[in-house]
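Let's take a quick walk through this structure, one spot at a time. Have a look at the sequence and the model before reading on.

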Amino acid sequence: PIYIMSDGGHRFDALCSLEGCMFTICPPANDRWHPWPFMRRMYDAAVALKTEYLILLEPDVTIHGPITRHPTHDAGGLHVKDRQFG
């Protein structure tokens with residue numbers, strides 16, 4: 001299933017009616033200073049989709065084909081050699 005959320009930007013009602021996805025619009029939030037709105041939106045999406053896991057795609061992400069390597073962890077990203085946090 002596909003869930004599209006817009007935070008005060010474009011509306012995708014027509015697209016979701018055509019493609020059979022779920023769409024919701026939320027008020028803008030300054031998530032950089034307080035992560036609660038972001039986490040709440042992720043929770044609401046999981047509840048609406050009746051699923052435990054989500055894949056978050058940022059606006060600069062494009063999809064070029066099906067998943068070819070399934071994740072082995074709950075969260076992840078690209079491995080960058082010698083990257084450290086802290």
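Predicted model: local features only at pLDDT ≥ 70, side-chain atom pairs only at ≥ 80, totals over all residues.

Phe 23 comes out at 18% relative accessible area, which makes Phe 23 buried, because buried means under 20%.

How many aromatic pairs does the structure hold? The count is 1. Phe 12 and Phe 23 make up an aromatic pair, with 6.0 Å from centre to centre and 70° between the planes, and that arrangement is edge-to-face. Phe 12 sits in the loop between S1 and helix H1 (13-19), while Phe 23 belongs to strand S2 (residues 22-25), so their pairing ties together parts that lie 11 residues apart in sequence.

## Around Ser 6

Next up is Ser 6, which you'll find in strand S1 (residues 3-6). Is Ser 6 buried or exposed? With 6% relative accessibility, Ser 6 counts as buried.

So what does Ser 6 touch? Leaving aside residues up to four places away in sequence, Ser 6 is in contact with Phe 23, Thr 24, Ile 25 and Cys 26. Phe 23 is also a member of the aromatic pair with Phe 12.

Ile 55, Leu 57, Val 61, Ile 63 and Ile 67 together make a nonpolar surface patch of about 510 Å².

One of these residues, Ile 67, is placed in the segment after helix H2 (36-49). The relative accessible area of Ile 67 is 53%, so Ile 67 is exposed, since exposed means over 50%.

Notes
Residues numbered from 1 in each chain as written. Heavy atoms only, no water. Patch = residues over 30% accessible without salt bridge, like charges linked within 9 Å, V, L, I, M, F, W, Y side chains within 5 Å. Areas by Shrake-Rupley, 256 points an atom, 1.4 Å probe, with all protein chains shown as cover. Salt bridge = Lys/Arg side-chain N within 4 Å of Asp/Glu carboxyl O. Helix = DSSP H or I, 4+ residues; strand = E, 2+ residues; numbered from the N terminus. Buried < 20%, exposed > 50% of the residue type's maximum accessible area, 1.4 Å probe, protein only. Contact = heavy atoms within 4.5 Å. Phe/Tyr/Trp six-rings, centres within 6.5 Å; stacked < 30°, edge-to-face > 60°.
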